[in-house]
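Q: I have a model open and want to read its features one by one. Can you walk me through them?

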Amino acid sequence: MIILKSFLLLFGLFNGITVFGQTVENNRSTEPLDPEIYFGQLDNGFRYYIKPVDTENSKVLMSLYIKVGHSHEGKDKRDVAHFLEHMAALHTKNFTHLYSNTKLLNSIGMDMIDVRANTGIEYTQYQFNFPVDADSKKALETGLSWFHGIVGREVEFQKDDVDVQRKAIYEEIVGRHYKDNYIQSKMFNAIYGSGADLIKPENYEHYFQNLDIKKIIRFYKDWYRPDLASLVVVGNIKDVEAMEHQIRKMFSKLQVNPDSRPHEDWHLNYLRRPCQFVVLENDVEAFGGLSNDEVGIYTLIRNSKYQERGTWAGVKRGLIKELLKNVVRIRFDYYQKYTHQTSYKLHYNYSRSGNLIRVIAGEGKERKGLQQAFGILKDIKSNGITKEEWDKIRKDKLQGMQNIEDNPHYWKKAIWSYDVYGEALPVNKNQRLQKWLENLSLDELHTWFLEVLSEMPDDIGIIAAKGNKALSYTEKKVRHWIEEAAPIANIYKPTAPESLMSKEEVSRLPDVVYTKRENPELRVKELKFENGVKVVLQNVDSTPDKVLVHGFSPKGISCFSKDEYCSAVFAPTIFNYSGVGRWNKFELEQFFAETSFPYGIEHYIDYATSGIKGEATLSDLEDLLQLIYLYFTAPRKDTKTFTRWKNEEKEMYLHRQSGVLNFDMKDKLITSIAKDSTIVTPGGTRRFKSSKGIGLDEAYQAYKNIYGNARNFTFLISGKYPEEKIIYLLTKYLGNLPGDDKSIDCLPPVLPREIHKVSLYKEMTPEEGLDNAKIRWWYVWPMDTSYNWQEDIKLDFLGRVIMREVQNIRDVKKRGVYIAYAGKQNMSSLQWSTISINVDCTTEEWGLVLGDMEEIERELKEKKLTTDMFNIVARWLIEKYQAAIANDNVQEKSKKLYQYYRHGENIVTIEEVLNYIQSLTREDILKTAKKYLKEQYRSEYIAKSKMVDTP
């Protein structure tokens with residue numbers, strides 16, 4: 001059932017658009033473009049932007065934008081823009097299967113990840129990111145030639161290619177959980193009044209198989225033209241003049257059809273529509289935002305100043321809307337969590353055309369949820385926000401604006417916003433915004449909020465299941481509820497503790513004795529306290545300037561019985577969620593917000609290890625150590641937060657149904673290989689079912705069994721610090737952690753875990769959550785008793801080769817494949833090494849794709865690896881480790897130290913790794929493939945949808 005009702009325009013103004021109580025102004029004045037961006041527009045309308053950025057990034061970011069997307073498709077052309085994107089990337093006059101053209105990409109120093117495309121609501125983007133080296137000239141020519149073919153009507157629509165893309169796009173849609181989003185997309189289509197008619201999920205495959213290619217060709221001829229195209233090039237560009245000359249020469253001869261269709265602004269068309277009231281019955285089985293007993297209420301406040309986006313006032317307003325979003329989300333979050341209400345959920349977001357307030361409510365709770373949301377908004381509009389709130393959101397935003405001009409991705413996004421959306425990009429935009437934000441007063445902020453916020457939405461939508469009384473709600477009733485809403489002050493204003501421990505509590509901690517020895521080989525110092533705690537000091541230069549603390553114990557899930565397993569595996573999450581000592585979660589969050597560890601610390605537990613991690617600046621380190629001390633000595637049992645944690649686990653499970661199967665398959669495969677369901681943290685359905693049966697007392701006992709005795713813990717302290725001061729703090733807090741010989745009976749786990757070859761198969765109907773076939777291969781073998789880093793590098797190399805090969809199945813074998821990836825992983829806690837391969841394909845072709853995967857395995861074992869493929873993967877691996885050198889920070893150093901002390905892995909320098917990669921040959925990788933890609937190591941899990949009649 002769909003009910004559409006339009007509000008009459010209250011009054012009209014010359015050159016204006018009236019929405020609910022607001023006027024949309026048509027101010028089209030714009031700021032001059034930043035002169036450091038080289039801009040040109042050809043006679044045919046084609047635009048180009050070149051922005052040199054002095055950066056160590058080895059790639060130049062080059063993108064072609066076509067100002068056309070899903071909003072231009074028309075009523076009977078659903079996803080033709082997306083289909084065209086695939087065809088343009090696949091086959092033009094001069095390029096075929098560019099993604100998988102290993103020989104060409106290798107010759108210009110590129111990989112398939114450098115060639116990408118995507119379709120949005122209002123634009124389509126094609127990316128060609130090329131390296132800055134001796135081959136950059138050839139790469140630039142290749143990329144420009146590809147782009148020229150796309151804009152120049154040189155895309156070819158051969159039947160074989162089209163048929164492959166019918167299957168591949170369907171697989172992409174399934175992989176993006178279209179079913180979950182269908183009814184919400186239907187709602188927004190009705191409100192915005194644009195885009196093609198939606199296809200019901202059960203009809204989507206049939207729709208693509210029968211989509212008339214003439215519609216795609218017509219769309220191509222109508223919209224892919226130079227006056228709607230722009231080129232953006234950002235990066236370490238050495239010769240701008242030569243690049244500009246090449247661009248003008250390449251694109252100046254493209255012609256524009258004088259009878260071209262006029263291009264319309266999707267946002268402006270929406271803003272000119274009468275206000276909408278839409279009620280939809282949820283007519284699909286799965287929806288990622290609602291369960292059957294929930295109602296979704298969507299309210300939109302339109303942006304009356306949309307056409308100021310090209311002015312400096314529009315730039316400031318965009319920042320204000322982002323700040324408002326942060327305030328509202330914090331208020332919504334605090335209100336819901338502090339009141340411990342679970343009958344409704346409040347969400348807030350904004351776009352260029354307006355603000356969205358979404359309420360998900362249990363049946364009968366719609367009025368209360370809606371009034372809570374608008375009550376909070378009314379309070380912000382009437383009273384503004386507190387100085388504490390303003391200081392926090394301003395500080396967070398300013399931190400995010402630091403030094404971003406050195407990042408090519410910042411400039412790419414800024415130019416994209418300027419060209420596609422008309423947003424101003426004046427000189428020194430980021431610095432000017434920072435200065436303006438720094439000087440913006442609380443009263444001035446409130447004035448901006450008064451302009452941006454409205455107490456009554458313009459558009460309202462309702463989604464509910466069949467039979468729900470919400471389907472009968474009238475617009476008058478809903479608006480009356482909103483009018484009734486009283487302002488709700490920031491009812492919960494948690495006071496941040498001045499310190500986590502009082503001076504008296506700290507003074508009662510006695511001095512402790514410790515021993516110290518140096519390890520010159522690792523350049524560390526090792527301390528041992530009387531309570532059994534071991535500390536390793538790694539005093540190194542760090543970027544950023546932080547000290548990392550990582551404590552770990554060899555006790556993990558294996559120490560608990562099967563009856564205790566669930567309580568143990570979730571205990572760190574539960575008590576990290578609950579707070580510590582006398583401080584609840586909200587008070588701690590306020591305290592963290594003023595420190596260099598705004599997210600607190602992380603607990604974890606796996607099969608043979610448990611631990612606690614955090615990082616802080618030297619000035620905040622004592623606070624961090626106090627927090628760790630309290631988590632060991634005073635974990636907080638809080639029934640309300642425990643109940644809320646359970647509810648959040650339920651919501652996480654129910655609202656991502658289409659994605660649960662992937663977690664289920666991985667969980668089932670690993671536990672079947674080990675013949676033990678307690679070796680890993682449960683995922684998907686098993687996680688949800690496990691969480692339901694946990695009791696707070698049992699979880700508390702499990703937590704105390706691990707963290708109540710620190711005798712088996714080793715703490716790694718990595719960073720730059722004065723040793724005498726750091727040792728004083730460590731002895732004060734870590735030296736006084738509880739530690740005695742009384743501990744849970746925990747024999748060392750038997751490692752490596754026994755490996756069993758399994759072959760699993762499952763059929764499911766689409767109603768059960770599967771619309772395609774999923775093939776999962778896991779090669780699993782025991783890790784060497786002594787870590788062999790050279791072997792690890794070769795396995796990483798092999799995993800990447802396999803990923804490239806399975807990704808080529810679509811183009812080379814012409815299969816219905818979209819999601820395909822592979823890689824190597826060490827499961828150190830189980831002492832397993834693995835290479836996993838995941839491929840999703842159409843149900844009809846699962847047997848063919850399985851044969852393709854077997855062929856890849858066979859050819860690698862039979863020494864078939866092309867030089868081009870070898871070189872591409874070698875280059876990827878080198879770039880991966882070169883990036884690690886550029887980002888050689890304290891986190892990487894601490895990670896290596898952990899692998900040494902916990903798993904006995906030798907510490908190897910990145911320079912050694914690079915030298916080894918450069919020494920590798922094709923024969924080395926082929927020998928590795930023959931050694932590990934064995935039938936005896938390979939387990940599989942195949943899940944596929946049952947064949948059903950075509951609608």
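A: Start with a charge over a ring. K51 lies over the face of W411, 4.6 Å from the ring centre. The term applies if NZ of Lys or CZ of Arg is within 6 Å of the ring centre and within 35 degrees of the ring normal. R800 has its charged end over the ring of W876, at 4.2 Å from the centre. This is a predicted model: local features need pLDDT of at least 70, side-chain atom pairs count only at pLDDT 80 or more, and totals for chains, interfaces and linings use all residues. Residues are numbered from 1 along each chain as its sequence is written, and side-chain values use heavy atoms, with hydrogens and water left out.

Q: How many aromatic pairs does a search of the whole structure find?

A: The search finds 47. Rings of Phe, Tyr and Trp (its six-membered ring) pair if their centres lie within 6.5 Å; planes under 30 degrees apart count as stacked, over 60 as edge-to-face and the rest as tilted. The F642 and W645 rings have centres 6.0 Å apart and planes at 20°, so they are stacked. Both residues lie in helix 21 (residues 639-654), three residues apart, about one turn of the helix. Helices here are DSSP runs (H or I, at least four residues), as are strands (E, at least two), numbered from the N terminus.

Q: Are F642 and W645 buried or exposed?

A: Buried means under 20% relative accessible area, exposed over 50%, partly exposed in between (1.4 Å probe, protein chains only). F642 is buried at 8%. W645 is buried at 3%.

Q: Which residues form one aromatic cluster?

A: Y126, F128, W146, F147, F157, Y220 and Y224 do.

Q: How do I read helix packing?

A: Two packed helices are described by the angle between their axes and the distance between the axes. Helix 18 (residues 565-578) and helix 24 (residues 696-707) pack at about 90°, with axes 8 Å apart. Axes are lines fitted to C-alpha atoms, for helices over the stretch in contact, and angles run from 0 to 180 degrees between N-to-C directions. The two helices are therefore roughly perpendicular (65 to 115 degrees).

Q: What about phi?

A: Most residues other than glycine have a negative phi. R523 has a positive phi of about 60°. R523 sits in the loop between strand 16 (514-519) and strand 17 (524-529), and is exposed at 72% relative accessibility. K814 also has a positive phi, near 60°. Its loop runs between helix 27 (809-813) and strand 27 (817-827). K814 is partly exposed, at 29%.

How values were computed. Parallel < 35°, antiparallel > 145°, perpendicular 65-115°, else oblique.
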